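Keep the picture open as you read.

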Amino acid sequence: MPSPVHMILNPAARRGLAARRIRDVLALFEQEDIEVTLLESRRPGDVEKQVETLAGEGAERLVIAGGDGTVNEAVNGLMRAGSGTALGLIPVGSGNDFAKAAGIGQQWEPAAAALARQLAAGVAPRTLDLGRCNERYFANGLGIGFDAVISQLAQEVRLPIGDLVYVVGLVRALLRGIVTPALRIRAEGYAYEGRATLANVANGPWLGGQFLIAPDADTGDGQLNLVLAKPVSRRRVLQLVPRLRKGLHLEAEEVHHQPLGKLVIDCDEPLPSHLDGDVQPHAKRFDIECVPGALRFI
């Protein structure tokens with residue numbers, strides 16, 4: 001019989017719909033004779049603390065059920081524990097960008113069934129890259145500027161409408177107006193100084209569940225992908241959004257794309273940012289690097 005596994009559910013994921021799926025998820029694991037100890041997070045930060053504790057106690061494998069914010073907490077707990085614990089994911093969030101980047105897809109049921117089969121068969125974990133910004137890690141991407149504002153406004157939407165919350169966030173951000181702060185970006189062989197609408201540093205290709213922000217991003221290539229948008233108007237943003245859904249925005253003259261392993265972004269004033277959609281405290285300096293093969297992923 002396969003060894004037992006701890007599963008941590010974020011019941012708030014997908015505006016509470018994740019909690020409704022857990023019985024079906026557990027049934028899929030029961031079919032593979034996997035004993036599951038189910039834990040739940042009660043508040044922001046709980047997943048991170050529980051993962052750090054379990055990994056520190058020697059857990060070889062952990063499973064999380066949630067979205068990109070849950071993944072972000074989990075990888076930070078794992079990295080702080082430094083144990084090499086392998087992570088499995090059941091995507092029951094709104095965007096599930098990392099799940100797509102990792103090749104397991106956005107749909108919870110086939111992802112859960114495949115994970116249960118892999119655990120039962122003892123399939124060895126693979127390694128994926130992580131990004132690090134200052135003292136925090138990210139699995140899918142970092143955003144500074146406009147897309148951080150969109151993430152913040154999307155988080156405020158309480159309706160269970162899946163990745164459409166990011167469209168709502170986009171509309172609300174446009175109504176607020178576009179701010180173009182001054183940035184100084186430095187990396188080996190690359191530099192930029194000037195105003196920008198946003199700077200996105202991607203480990204995975206997707207943003208907000210449906211936007212192909214960095215088509216060339218790969219979670220296993222040892223690099224991050226900088227996508228920089230120079231100042232644009234509201235009208236131009238609306239023109240670029242359909243192209244962004246297909247990854248064609250990189251052809252626009254206002255958009256620059258650059259693969260990098262390490263970079264520093266300095267700002268004249270504290271700016272909002274997000275890590276995997278999780279809004280961070282405002283900061284004036286962002287030290288960013290790829291950490292190749294940091295995550296053992298089932």
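## Helices that pack together

Helix 1 (residues 18-31) and helix 5 (residues 108-121) have axes that come within 9 Å and cross at roughly 30 degrees. That makes helix 1 roughly parallel to helix 5, a label used for angles under 35 degrees, while over 145 counts as roughly antiparallel, 65 to 115 as roughly perpendicular and the rest as oblique. The axes here are lines fitted to C-alpha atoms, for helices over the stretch in contact, and the angles run from 0 to 180 degrees between N-to-C directions.

A quick word on where this comes from: the model is predicted, so local features need pLDDT of at least 70 and side-chain atom pairs count only at pLDDT 80 or more, while totals for chains, interfaces and linings use all residues. Residues are numbered from 1 along each chain as its sequence is written, and side-chain values use heavy atoms, with hydrogens and water left out. Helices (H or I, at least four residues) and strands (E, at least two) are DSSP runs, numbered from the N terminus.

Back to the first pair. From helix 1, the contact (heavy atoms within 4.5 Å) involves Arg-21, Asp-24, Val-25, Leu-28 and Phe-29. Helix 5 brings in residues including Trp-108, Glu-109 and Leu-119.

Now look at helix 6 (residues 146-155): seven of its 10 residues are buried, so it is largely enclosed by the rest of the structure. Buried means under 20% relative accessible area, exposed over 50%, and partly exposed in between (1.4 Å probe, protein chains only). The buried residues are Phe-146, Asp-147, Ala-148, Ile-150, Ser-151, Leu-153 and Ala-154. What do they pack against? Among the partners are strand 7 (141-145), strand 10 (198-202), helix 8 (234-246) and strand 14.

Helix 7 (164-176) is another of those partners. Helix 6 packs on helix 7 at an angle of about 120 degrees, with the axes 8 Å apart, which makes helix 6 oblique to helix 7.

## Rings

How many aromatic pairs are there? The count comes to one, going by rings of Phe, Tyr and Trp (its six-membered ring) with centres within 6.5 Å; planes under 30 degrees apart count as stacked, over 60 as edge-to-face and the rest as tilted. The rings of Phe-98 and Phe-297 have centres 5.6 Å apart and planes at 85 degrees, so this pair is edge-to-face. It links distant parts of the chain, with Phe-98 in helix 4 (residues 97-101) and Phe-297 in strand 14 (residues 278-297), 199 residues apart.

Most residues other than glycine have a negative phi. Asp-33, though, has a positive phi of about 60 degrees, and lies in the loop between helix 1 and strand 2 (36-40). Asn-96 has a positive phi of about 55 degrees, and is found in the loop between strand 4 (86-91) and helix 4.

Pro-259 is in strand 12 (residues 255-260). Leaving aside neighbours within four places in sequence, Pro-259 is in contact with Gln-223, Leu-224 and Asn-225.

| Residue | Relative accessible area | State |
|---|---|---|
| Phe-98 | 1% | buried |
| Phe-297 | 1% | buried |
| Asn-96 | 5% | buried |
| Pro-259 | 34% | partly exposed |
| Asp-33 | 49% | partly exposed |
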